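Dear colleague,

Please find the structure below, followed by notes on what was found in it.

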Amino acid sequence: MDKISDYILKAGTIDRRWIFLIIGLAVLLPLFFPLGLPIRATNATQKVYDAVEALEENSKVLVSFEYGPSTKPEIHPMAIGLLRHLFTNGHKVFVTCLWPDGQFMADEALDEVAKEEFDLTYGEDYVILGFRPGNEAVVKGMVSNIRKLYTTDARGTLVDNIPLMKNINKVADFDFIFSASAGYPGTVEWVQYASDPTGVPLSTGTTSIMVNDIMPMVNSGQVKGILAGMPGAAEYEALIGTPGIGTSGMDAQSIAHLVIVLFIIFGNITYFIETQRSKKY
Amino acid sequence: MIWKRQIPILIATVIGFATLFGWFIDHPGIESFVNDDATQWYDILASFAIFLGALNLMKLQGKKVFKQQSGWQYSLFAIGGFFFAIVAGFIYKGNDAVEWGVHVTSKGTLFKWMFDYMFTPLSATMFALLAFFVASASYRAFRVRNLEATLLLVSGIIIMVGRVPLGSSISSWFIMYLMVLIVSIAVNIKLKDKKITFSTFLGGVLIVTIWGSSLGWPIDQPGLFYLPILQDWIYNNPNVAGARAIMIGIGLGIFATSIRYILGIEKSYIGE
Amino acid sequence: MLKDKEFWLVAGGISLAFIIYWLSGYPLFKEERIVMFLVIVIMSANLIYYTRFARRGGEIFLRAIPGLKAVEEAVGRSTEMGKSVLYVPGIMDMDQVETVAGVIILGHVSKMTSRYETSLNVPVSRSIVMKAARETVREAYTMEGRPDLFQDDMVHYITDDQFAYAAGVNGIMVREKPAACLYMGKFFAESLILAETGNSIGAIQIAGTASQSQIPFFVTACDYTLIGEEFFAASAYLSQTPELMGGLKGQDMMKAGVTTAILISLLMRILFDLGLIKWNIISILTVQ
């Protein structure tokens, strides 16, 4: 028994680089050898799905991209899932970006979904208004007068010449807002300055870390559900019936979480043995 | 001295009061100032200030290279990257079919290439480091030192496992058997009586087995022991309650600090 | 700060002006926001009261905040080891209250580093923060009588991008191995990267932030963490000036007021839902 305890104590002083290696393998291997674990949607994800399903046909939806390459693995899958859902249901999509990186992400997502999958027409089915600097001032500006803020779209076309922009002058002219957000400015600013004052319903997708900040707003009904990180993206893909990169990442995330839990349990066993020994001696 | 002390405080006070109380005034000019202009003034200042930062960066990195200080070779990358970005943004498009400005996101341009093949992998790599650091931090920090640490540990494990598909594959009956085991271990540590420990363990196993058999072993019943339902409850109840309380405290702290700046009580930001 | 007579004259004048404005039909005032206006006035009055109370010599009790006590200890440790103090004032700009609070705490830390002749390294993520922080540090060194120790390059700009900044600061930590790392300001996902790297080099780490989602990471990886309001209280705590300590007391009283309001509102809402009263308190608490 003592020998086992000694061995556990020795293993407990493991160099952190071994932990990094094990985590690396725990993430990498399931990507090559998928487990196909079933995905069950949570209430928060279901609320987002129901909010989008409840939209009338041809609704005008404002989608805001507030993430960059670093948070792309978490948020891009949910953005793509949402676009698929919106285009399947025949809605019109208007894209804006509060982050400069967001425009790159929006271009990529719309190229993949709107252009290649659905073969939609730019300017008639969707439009990218693009990035404007100013953080929450952009949101406030859109609430009062979009055309003052956006004279041209992201491709340099005058907004007045885009057919889809007819009768769109302010945020209240939209039927729904979705914020794909990784930080500031993001969901909080959309709720504070756009959704709450105008009454336009809003849903969001955020990184897992940010869910804590947004959850009080979801519970109070200010935000209609939340897609929480990659699990949220995978759940949404399951609900719309089109598995994508979110789903494929969940096996890796499951195993990685399990490995971390095992490390924590092992660390506590080590701590327990150390405490017992120090009490004994 | 008046320029370094009284004028800055006066500017902070006037603009602070104008922005604060402007929210209550129903006048288009004032509303426009509060909603649009005030924040945009700051963004314009910050945009021009970027030159200061860039010059400082080049000065420091250049000094390292010229004086051949330790690690000067890495400074060449910093300087090279800086000028490469300027060239890609302002000098060389790479695709003559697109206009300046739009070239930043258009296909085939040098800037887009830089974004896709340099900036994106570097950003993603740095963010990915978090996965490793979370593991090493959790391993080091999550210890059963006292009741609060134990609650943190248990809720952390429930949320980590319950949040992912693996958690929904774990039957609630498995969790119940695990709890029977943990309770038996705790009884053994406390009472140190083999008979009582064995009775507790056996009793627990029998209860769970009979109960499970009678219900047909549904994976998500009883809900109290089903990890996804449990993690949902922890997320929506104690977690949100704590988050709200901290949010209220932080909001009051921000209000009090801001009022101190506006009223000129706090003057440290001008170096006093 | 105004003397008592001057203060009451000014306060009386403002109150009279407001009463006249109100009685003349409050032109241009958004009536639906009156509750918010009154709340702001009451909270401000409360803050001013306690600030003046402290200034007049009133006793203010501040509980010990271990993280702030540890700041001097951390600077002392760096001095003994002959290493530098690394100070990170967050990754946001001066339009965030947390960044301003971080720069203010930097001023106090600079006083300590100038006193102990410890080198200070402040990498920043925004140009305006660089200028403000530089002025703060320069003033601190001058006030301590050590302007000779101050160098402009103590406060230097790295980059605006979040993770590039984290990479830069990590590089500084790994190369220079500071003995103390202080993180005071607004942080996002890079918080754990910074804190874990600081931990790996064996530095004493003190963090302070009001970024709710990053507090758990700092608590896990740092030796001391100032959570939420403790961070905003740091300036008062470190300077011990009566005005700031009074402001802190005012803040606490505001919290007591908010708690009371929540409990009363809860009771009134229950009574409304049970049909015992006809007036819905939520209608006045909702900000228009």
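**Helix packing, cores and domains**

In this predicted model, the axes of helix α7 (residues 172-191) of chain B and helix α8 (residues 194-215) of chain B come within 8 Å and cross at roughly 165°, where axes are lines fitted to C-alpha atoms over the stretch in contact and angles run from 0 to 180 degrees between N-to-C directions. Helices are DSSP runs (H or I, at least four residues) numbered from the N terminus. α7(B) and α8(B) are therefore roughly antiparallel to each other (an angle over 145 degrees). Among the residues of α7(B) that meet α8(B) are Trp173(B), Tyr177(B) and Leu191(B), and those they meet in α8(B) include Phe201(B), Gly204(B) and Trp211(B) (contact being heavy atoms within 4.5 Å).

The largest nonpolar core has 81 residues, of which Phe65(A), Met142(A), Met165(A) and Trp190(A) touch the most other members; such a core is a set of buried Ala, Val, Leu, Ile, Met, Phe, Trp, Tyr and Cys residues joined through side-chain atoms within 4.5 Å, buried meaning under 20% relative accessible area with a 1.4 Å probe, protein chains only. Helix α4 (residues 72-88) of chain A gives the most to this core, with eight residues. A second, separate core of 52 residues includes Ala74(C) and Ile206(C).

Chain B is divided into domain 1 (2-130) and domain 2 (146-253), with bounds from an automatic or database domain assignment, and 48 Å separate their centres, taken over C-alpha atoms.

Residues are numbered from 1 along each chain as its sequence is written, and chains are lettered from A and ligands numbered from 1 in the order in which they are written. Local features need pLDDT of at least 70 and side-chain atom pairs count only at pLDDT 80 or more, while totals for chains, interfaces and linings use all residues, and side-chain values use heavy atoms, with hydrogens and water left out.

Best regards

Notes: Buried < 20%, exposed > 50% of the residue type's maximum accessible area, 1.4 Å probe, protein only. Helix = DSSP H or I, 4+ residues; strand = E, 2+ residues; numbered from the N terminus. Parallel < 35°, antiparallel > 145°, perpendicular 65-115°, else oblique.
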